[in-house]
Amino acid sequence: MKILVTGGAGFIGKHLVNYLLDKGNIITIFDNFSNSEEQSINHFIKKGVKVVNGDIRKFKEILKETVDQDILIHLAAKISVSESILNPSETFEVNVDGTKNVLEACKRSNIKKVIIASSAAIYGESVPKIKLKENTKTNPISPYGKSKLVMEQEIRKNNIDCIILRFFNIFGIGQTPEYAGVITKFIEMISTNKPLKIFGDGMQTRDFVSINNVIESIYDAIKNGKNGTYNIASGKAITINELAEFMISLSKKDLEIYHISEKHGDIRYSEADISLAKNEIKYVPKLGLNEIKTLLK
Ligand SMILES: NC(=O)c1ccc[n+]([C@@H]2O[C@H](COP(=O)([O-])OP(=O)(O)OC[C@H]3O[C@@H](n4cnc5c(N)ncnc54)[C@H](O)[C@@H]3O)[C@@H](O)[C@H]2O)c1
């Protein structure tokens with residue numbers, strides 16, 4: 001299959017391209033390298049990947065690359081919550097207007113399958129022990145979350161079959177340090193023998209999903225999906241205090257945990273119901289938090 005991956009040089013993109021190449025696909029990466037390095041994907045060029053330096057905000061640039069593709073996987077986005085607070089219009093330009101360009105280009109080029117990355121940030125605040133379903137009321141609290149929600153609404157307005165994957169908290173190798181999630185930050189603290197710093201009381205929950213599960217969910221969507229919106233997570237939340245204790249125990253080091261004041265805009269509880277993705281796209285999260293062990297080495 002010929003597959004175009006927007007944002008293919010980013011954290012998820014690199015893992016995905018590697019996986020899709022192994023499955024024998026022909027890949028084009030479309031990225032403006034605003035949050036990635038062009039050199040970091042040189043090894044893909046040797047494997048026959050076409051790399052296009054382009055911006056999804058420029059319709060003609062994306063349209064040109066969609067011609068003759070079978071599948072488009074749209075990962076390009078402004079992903080930083082704090083940057084979205086400082087400059088909401090740029091986040092909306094990329095995440096909403098850019099996605100509209102991508103969709104219009106897919107329509108004109110008759111792309112058979114479109115898969116788009118959304119985020120758990122669209123749900124905003126939820127209640128402890130209540131699992132978020134795809135039809136749970138959305139209430140994003142950051143401009144980033146709002147941009148992803150408006151993006152989803154624009155997609156549904158457009159009459160094109162499309163699979164939206166709402167990723168929860170992803171962990172794995174290669175996250176950009178400044179946007180890294182808490183697991184990556186704890187790994188850094190543990191490897192430098194520093195105490196683990198937690199924002200707030202640590203009772204906030206998160207549903208962590210391994211990058212390998214995320215990549216397989218995209219492949220499940222390629223194989224089994226047509227049109228729909230799915231939570232991609234582990235389906236099981238953990239408090240940040242529990243996570244810190246678990247990671248310290250995995251490391252077998254004697255490290256302290258300390259708490260500082262809460263981060264502005266932090267969601268309190270987040271846990272996904274993943275039954276829809278299990279039933280419809282046959283997504284099975286095979287790996288769990290134990291995978292952190294391999295990252296601690
Ligand atoms: N990483 C996570 O935990 C997570 C969670 C939920 C959702 N997501 C979503 O998954 C997708 C990929 O996330 P990621 O973690 O790989 O992010 P990333 O920033 O590592 O990758 C995104 C890529 O898009 C590129 N890009 C940004 N603006 C662009 C533009 N205007 N034109 C072309 N390319 C552009 C960046 O240079 C980068 O290489 C995003 O849509 C993000 O919102 C990620």
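Modeller: A helix here is a DSSP run of H or I with at least four residues, numbered from the N terminus. Asn42 has its place in such a run, helix 2, residues 42–46. The model is predicted.

Colleague: Is Asn42 buried or exposed?

Modeller: Count C-beta atoms within 10 Å; 12 or fewer means exposed. Asn42 has 11 others within 10 Å, so Asn42 is exposed. Its C-alpha atom is separated by 24 Å from that of Lys58, 16 residues apart along the chain.

Colleague: Now the other end of that scale. Why is Ile27 classed as it is?

Modeller: The cut-off for buried is 20 or more. Ile27 has 23 other C-beta atoms within 10 Å, so Ile27 is buried. Ile27 is found in strand 2, residues 26–31.

Colleague: Which residues does Ile27 touch?

Modeller: Leave out residues up to four places away in sequence; Ile27 then touches Ile3, Val5, Val17, Leu20, Leu21 and Val49. Take Val5: it is 22 residues apart from Ile27 along the chain, yet their C-alpha atoms are separated by 7.3 Å.

Colleague: Next, helix packing. At what angle do the axes of helix 1 and helix 8 cross?

Modeller: At roughly 60°, and the axes come within 10 Å. That angle makes helix 1 oblique to helix 8. Helix 1 covers residues 11–22 and helix 8 covers residues 211–224. The crossing of helix 1 past helix 8 is right-handed.

Colleague: Which residues of helix 1 and helix 8 meet?

Modeller: Helix 1 brings Ile12, His15, Leu16 and Tyr19. Helix 8 answers with Ile211, Val214, Ile215, Ile218 and Tyr219. By class, this contact has eight nonpolar residues, one polar and no charged ones.

Colleague: Give me another pair. How do helix 3 and helix 5 pack?

Modeller: Their angle is about 40°, with the axes 9 Å apart. Helix 3 passes helix 5 in a right-handed crossing too. From helix 3 come Phe59, Ile62, Leu63 and Thr66. From helix 5 come Asn101, Val102, Glu104, Ala105, Cys106, Arg108 and Ser109. The classes in this contact are six nonpolar, three polar and two charged.

Colleague: Where does Asn110 lie?

Modeller: In the loop between helix 5 and strand 5. Asn110 has 11 C-beta neighbours inside 10 Å, so Asn110 counts as exposed.

Colleague: And where does Lys252 lie?

Modeller: In the loop between helix 9 (240–251) and strand 13 (257–260). Lys252 has 7 C-beta neighbours inside 10 Å, so Lys252 counts as exposed.

Terms used: Residues are numbered from 1 along each chain as its sequence is written. This is a predicted model: local features need pLDDT of at least 70, side-chain atom pairs count only at pLDDT 80 or more; totals for chains, interfaces and linings use all residues. Axes are lines fitted to C-alpha atoms, for helices over the stretch in contact, and angles run from 0 to 180 degrees between N-to-C directions. Helices (H or I, at least four residues) and strands (E, at least two) are DSSP runs, numbered from the N terminus. Angles under 35 degrees count as roughly parallel, over 145 as roughly antiparallel, 65 to 115 as roughly perpendicular and the rest as oblique. A crossing is left-handed if the near helix is turned anticlockwise from the far one by less than a right angle, and right-handed if clockwise. Two residues are in contact if their C-beta atoms, placed from the backbone, lie within 7 Å. Ala, Val, Leu, Ile, Met, Phe, Trp, Tyr, Cys and Pro count as nonpolar, Asp, Glu, Lys and Arg as charged, and the others, Gly among them, as polar.
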